[in-house]
Structure formats: structure tokens, C-alpha cells
Amino acid sequence: MTALVVLAVLLLVIVVPLALAGTALYNGLVRKRGAVDNAWAQTDVQLKRRHDLIPNLVETVKGYATHERQTLDAVVAARSQALTAQGPQQQAAAEGVLSGALKGLLALAEAYPDLKASQNFSELQAELSTTENRIAYSRQYYNDAVLTYNNAIQTVPANLVAGVAGFTAREYFQAPDEERGPVQVRF
């Protein structure tokens with residue numbers, strides 16, 4: 001009878017608290033993984049918004065700059081590539097190409113005063129600028145969520161639960177190399 005009491009006390013003192021702690025750690029990791037997935041979904045929403053604006057922008061420019069076909073084709077091709085990209089790393093690379101193509105498209109406005117004065121073009125340009133700001137914020141939010149999650153699955157004691165439960169590190173949404181360099185300013 002005393003052995004049974006000792007065993008019951010051991011269960012209550014050691015096993016139950018360990019099980020509760022393990023459950024709490026697991027649930028915390030699940031919440032952090034969900035935050036990363038949500039942050040990526042929010043980034044994806046903003047990228048889709050950007051992708052949806054581009055055809056309107058291209059059509060507006062076509063009306064004014066008909067012989068700038070190469071620039072327009074580059075934007076359309078970059079948009080297609082960005083739409084099919086998978087995961088943060090591929091998406092970042094595709095978005096970098098798209099950003100470069102858009103810069104070329106927006107630079108056309110300088111060569112075409114009528115385009116620059118077009119209200120439709122100005123509204124699309126402002127909408128695109130707002131969207132770019134939202135994308136930047138979404139990327140930052142996503143990377144913050146990834147940092148929190150990756151730190152959680154790599155620190156003791158959560159790393160023990162993470163390893164057993166199959167939690168793996170997530171990748172950051174990193175800017176392409178050409179966007180990290182110094183900005184060229186020419187007068």
C-alpha cells in the first residue's frame with residue numbers, strides 16, 4: 001500500500017507537471033507557427049494587390065508610350081514570374097525583378113509629359129506607392145514572426161518539444177541583393 005502511495009505522489013509531483021509544461025510549450029509553438037503563417041498570408045495579400053494593379057498601370061502607359069514595348073513586356077513577364085513564385089526566398093527574388101521592371105515603367109513618365117499629367121496614371125502611381133509601403137510593413141511583420149518562432153523552437157526547453165513534434169525553422173523574406181546596395185542618385 002505504501003508503494004502505491006509513493007508511486008501516486010511521484011506521478012503527481014513529477015509526471016503531471018512535466019506533462020502540463022510540455023503541453024504548454026507545444027501550444028505556444030503552435031501559436032507562434034500560426035503567427036508566421038498568418039504573417040505570410042498578409043504579405044501574400046499585399047503582393048496580390050500589387051500584382052492586380054500592374055495590368056492597369058501597363059494599359060495606361062500603353063496608351064501614351066506605344067513604342068516602349070520592351071519595357072511593358074518586361075513588366076508583364078516579371079509579374080507572371082512573381083505570381084508563380086513559391087515560398088519566401090523565391091517570392092523575394094521574383095518581387096525584386098518585378099520592382100526593377102516597375103521602376104523602368106514609372107521612369108517612362110518622365111519621357112512622356114502627357115502620361116505624367118494623366119490623372120489615371122497619377123492615381124495608379126499613388127496606389128502602387130501605398131501598396132509598396134504596405135508590402136514593406138508586411139515583410140517586416142513576417143520576418144518578426146519568423147524570428148520569434150525560430151527562437152522559440154531553438155531554445156531550451158521548447159527545442160525538446162519542437163524536435164519531437166516536428167517543428168522546423170522558417171526562412172526569412174530577404175530583399176534581393178540589388179535592393180540592398182546603395183541608392184544611385186543622379187542630377
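Which residue forms a salt bridge with Lys48, and how far apart are the closest N and O atoms? I will come back to that in a moment, after a word on what we are looking at.

This is a predicted model, in which local features need pLDDT of at least 70 and side-chain atom pairs count only at pLDDT 80 or more, while totals for chains, interfaces and linings use all residues. Residues are numbered from 1 along each chain as its sequence is written, and side-chain values use heavy atoms, with hydrogens and water left out.

Let me begin with the overall picture. The protein chain has seven helices and zero strands, where helices (H or I, at least four residues) and strands (E, at least two) are DSSP runs, numbered from the N terminus. The radius of gyration of the protein chain is 25 Å, well over the 16 Å that the globule rule gives for 187 residues, so the chain is more spread out than a compact globule; this radius is taken over C-alpha atoms, and the rule is 2.2 Å times the number of residues to the power 0.38. Along its principal axes, the C-alpha trace spans about 95 × 30 × 25 Å. Of the 187 residues, 32% count as buried, and here buried means under 20% relative accessible area, exposed means over 50%, and partly exposed lies in between, with a 1.4 Å probe and protein chains only.

Now to the charged side chains. In general, side chains of opposite charge can pair when their charged atoms come close. We call it a salt bridge when a side-chain nitrogen of Lys or Arg is within 4 Å of a carboxyl oxygen of Asp or Glu, and the structure holds eight of these salt bridges.

To return to the opening question, the partner of Lys48 is Asp52, and their closest N and O atoms are 3.0 Å apart. Both residues lie in helix α1 (residues 2-64), four residues apart, which is about one turn of the helix. Lys48 is partly exposed, with a relative accessible area of 47%, and Asp52 is partly exposed as well, at 39%.

Another salt bridge joins Arg50 and Glu95, with the closest N and O atoms 2.3 Å apart. Arg50 lies in helix α1 and Glu95 in helix α3 (residues 87-111), so this pair ties together parts that are 45 residues apart in sequence.

Finally, the aromatic rings. Rings of Phe, Tyr and Trp (its six-membered ring) pair if their centres lie within 6.5 Å, and planes under 30 degrees apart count as stacked, over 60 as edge-to-face and the rest as tilted. By this rule the count comes to five aromatic pairs. One of them is the tilted pair of Tyr149 and Phe167, at 6.5 Å centre to centre and with 55 degrees between the planes. Tyr149 lies in helix α5 (residues 119-154) and Phe167 in the loop between α6 (158-165) and α7 (177-180), so the pair ties together parts that are 18 residues apart in sequence. Tyr149 is buried at 1% relative accessibility, and Phe167 is buried with a relative accessible area of 8%. Ring pairs also link Tyr26 with Tyr149 and Phe167 in a cluster.
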